[in-house]
Amino acid sequence: MTLSKPVVEASLLTGPEGSALVLVNYTYQPIPALKIQLPVIPPFRQAVSTEGVKVEVRRTQTGAELTLPLEWTDIVLLPK
């Protein structure tokens, strides 16, 4: 996984119902458009932010790229 900001921590948790991407922003500044490159991951239908922000999804040849604003923390749900 690659993030557009080096001071953001990300953990991908995967289970039988899908995945969850846990994000923590340590920059002390809101990030208007964080880009997350996800290499080969389990398939998902949509990306839903638990903070209620819009998550843009772009499928790539190697996985997916997600773009979203990040204030301090968020969990992006990736259901199957």
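Which side chain makes a polar contact with the side chain of Glu65? It's Gln37, at 2.3 Å. Keep in mind that this is a predicted model.

View 1. Is Glu65 buried or exposed? Its relative accessibility comes out at 11%, and anything under 20% is called buried, so Glu65 counts as buried. Once you set aside its neighbours within four places in sequence, Glu65 is in contact with Lys35, Ile36 and Gln37, and also with Glu56, Val57, Arg58 and Thr60. Gln37 turns up here again, as the partner in that 2.3 Å polar contact between side chains.

**View 2. Tyr28 in its loop.** Now we hop over to the loop between β3 (18–25) and β4 (31–38), where Tyr28 is found. For background, most residues other than glycine have a negative phi.

**View 3. An open sheet of four strands.** Follow the strands across and you get the order β2-β3-β8-β5, with antiparallel pairing. At the edges are β2 (8–15) and β5 (48–49), each pairing on one side only.

**View 4. Where β2 meets β3.** This close-up shows β2 and β3 pairing in the antiparallel sense, over eight bridges.

Key: Residues numbered from 1 in each chain as written. Predicted model: local features only at pLDDT ≥ 70, side-chain atom pairs only at ≥ 80, totals over all residues. Heavy atoms only, no water. Buried < 20%, exposed > 50% of the residue type's maximum accessible area, 1.4 Å probe, protein only. Polar contact = N/O pair within 3.5 Å; in protein donor to acceptor, adjacent residues only side chain to side chain. Contact = heavy atoms within 4.5 Å. Helix = DSSP H or I, 4+ residues; strand = E, 2+ residues; numbered from the N terminus. Pairing = 2+ DSSP bridges.
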